[in-house]
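Please open the model in your viewer and keep the sequence panel beside it. The stops below say what to select next and what is found there.

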Amino acid sequence: MSDEIDLPPETLHLIFLHLSPQDLLQCACVSRHWNGVAEARLYSDITFSRRKLNNHKLVPALKTRKHLLRRFEIQLCQQFTIPEANLLDIFLDYRPDHDNKRNLSPGESCRYHYRDRNLFGDDTKTRPSFPMAAIGPNRPALTHFSVVGDFESSWLLDTIIYNLATSSLTSLKIKFSFGPNHKTYTVDLERILETFPHLKDLWIAGYKHQYKPTGEIEDSDPSTPKTATTATAATSASATTDSSVGAGKQYRLESFTFEPTTLLSRRGPNALIFIRRLGNLKKIGINALMPYLSRPQNGRPWELGRALQQYCPKLEYIDIDGPVPLWFFDLPILPYDKIRHITRVANESLPLHVLKKLGGMAQEANWTYRMLRLQEQELGELMESKSAKPFFPHLKTLVLGGKHCLSAQDLILLGVHATFLTRLEMERWPVLDGYILDIYDTDAAAAAATQSTKPLPSSDINAAVEARRLCKRRIFNHWDLLLFLQRRSSLRHFVISGHNIPFGNLIVKPFIPRIPDHLINDDDTEATAEAKEETLIILPWACEERLETLKVGFQVSASDPQEHGLVWKHLGRFGKLRSLHLDQSNLFTSLSYGVEGLLEGGMSETLEEIRSLPGWWKTKDCRELVS
């Protein structure tokens, strides 16, 4: 009797999760029992890419173990290609008749009857015909399929997706890139959602694709088969619709990432009809890979926002990469007979004695004054927020990557209304995109215009009034960002990179002017510093009691230790902070610059890391601060 006791497969599986592929190969040779568990782990997650030089060695093993595949990723480029025969042998479970003239005998190998050409080869040859009725049970039951790269042979991708098991696939990711001929792929979005009823994560992006013009969602018998309709160089997942998605039923999709080139600019009453069946959607990602080519020329962000608000009540995560026309609030457009309060402020002027002193700069100064007064009036109305309606009332996470265009109006209203917002990440400061900022709700504007027959005459000041009336967005500034932070108490993670906040924007103005340095005596230096510190106030942020992660930059005067000390004390208010990243800050981490204020508020009990500190922080200061 053997003294060896085999571990249960469940225990072995948990152990094998932490092993490398080389170790798994060794474990597969221990015993038959270990072999089965090790191979299930080894061949469950496969990636083909140019970084892995042994891709061709996996093909023979995958042909006989395709039933173990659960996740498969293909990363292609012009420097790395895979013969079509190898891909088809992995994903298809039948013997295709290549020239449709003779059948293969059971013992013949498939490789002699595929065209041995690469994905970037000549696609003008005749496409092989496949007996679709011969799909076998040995297909891989994939839960995740990802393909990224340049496709010269569009029918190959369509054939693979066509034959994926519809009952197991929960994640599908496709990214189109520029191929040799720069073809345009057509994505039938509605057909994909109907074909894969268990899909929870859909990611379709890239440079060169378009969405098929939408039509009414068919409300016929869900058991009726739907034939594949794929155009030249098209990507369309077409198969028999699963009976679990009947007429009017909701898809299971929880995450949807797309490129906004054509999806946001589709027209007609059914342009966004697919959103009506996305009641389970929790996350959307808008990936504008090519900012100057990805802008919808006729974007209508108000339609998208209202559709998501009405049909996607569970939406809580938004990830935007690039300049995308997406609004977070529905702002009402005013008719001309209800903007008297705006025109009154726009016609205000500086006092005459001030204008006389300014001389030739009077006109420019008066224009700046009026613009500031209009902005001040707008901020007051936004803070009251009586008529603004949130498109995403349950938003918890907002991630803005690349050159985003978050507006000041949306940011301030997020500070007032976004009760559940806990994470805000901005990879960089917003960019000034004239096209996106010039968009306004044309439907509401037309309706408001019919209520009055007295439009404003053409002038520079009236153009500013008209922008206020139409609720055109503008890029937020430091004041808008601080207004948001002073009101949004639910934040736990706040990140903004690539920019720093000047000290002058942090303090409350006006303050008592400084005493000139030549009038300060040595005996009065300490008293003067204390007096200045009392005159400078940094308003607290509403999230000080909850914030756990903070990444922000501050710009202070290098010759003024008091400014450094005030910022350090301000940061010391965050009692639950765990990670502090002072990105692009010029704060001096020295006791003579008040760094001890960082730990006066109890942060020493929770703080785990401080990043991006300058290299001149002396060891002596570190020891004194810790002690």
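Select Leu 571 and show its surroundings: leaving out residues up to four places away in sequence, Leu 571 touches Leu 550, Phe 554, Leu 580, Leu 582, Leu 587, Leu 598 and Met 603, where contact means heavy atoms within 4.5 Å. A second, separate core of 9 residues can be coloured next, and Ala 346, Ile 461, Ala 464 and Val 465 are among its members. A nonpolar core here is a set of buried Ala, Val, Leu, Ile, Met, Phe, Trp, Tyr and Cys residues joined through side-chain atoms within 4.5 Å, and buried means under 20% relative accessible area, exposed over 50% and partly exposed in between, with a 1.4 Å probe and protein chains only. Leu 571 itself belongs to the largest nonpolar core, which has 125 residues, and together with Phe 72, Phe 91, Phe 145 and Phe 494 it touches the most other members.

This is a predicted model, in which local features need pLDDT of at least 70 and side-chain atom pairs count only at pLDDT 80 or more, whereas totals for chains, interfaces and linings use all residues. Residues are numbered from 1 along each chain as its sequence is written, and side-chain values use heavy atoms, with hydrogens and water left out.

**The whole chain**

Zoom out and colour by secondary structure: the protein chain comes to 22 helices and 18 strands, these being DSSP runs numbered from the N terminus, helices (H or I) of at least four residues and strands (E) of at least two. Of the 627 residues in the protein chain, 48% are buried.

**Helices α1 and α3**

Now select helix α3 (residues 32–42), in which Val 37, Ala 38, Glu 39 and Leu 42 are buried; the buried residues of α3 pack against α1 (9–16), α2 (21–27) and β1 (45–48). On the α1 side the contact is made by Pro 9, Leu 12, His 13 and Phe 16, and on the α3 side by His 33, Trp 34, Val 37, Ala 38 and Arg 41.

**Helices α14 and α18**

Move to helix α14 (residues 408–417), which packs with α18 at an angle of about 15°, their axes 7 Å apart. That makes α14 roughly parallel to α18. To display the contact, select Ala 408, Leu 411, Ile 412, Leu 414 and Gly 415 of α14 with Asp 480, Leu 481, Leu 483 and Phe 484 of α18.

Select Cys 471, in the loop between α17 (460–469) and α18 (478–485): Cys 471 has a positive phi of about 55° although it is not a glycine, and at 16% relative accessibility it counts as buried.

Gln 584 lies in the loop between β17 and β18 (609–611), and its phi is also positive, near 55°. Is Gln 584 buried or partly exposed? Gln 584 is partly exposed, with a relative accessible area of 49%.

End at Ser 579 in strand β17 (residues 579–582), which is buried at a relative accessible area of 13%. Apart from neighbours within four places in sequence, Ser 579 is in contact with Glu 548, Thr 549, Leu 550, Leu 607 and Glu 609.

Terms used. Axes fitted to C-alpha atoms, helices over the stretch in contact; angles between N-to-C directions. Parallel < 35°, antiparallel > 145°, perpendicular 65-115°, else oblique.
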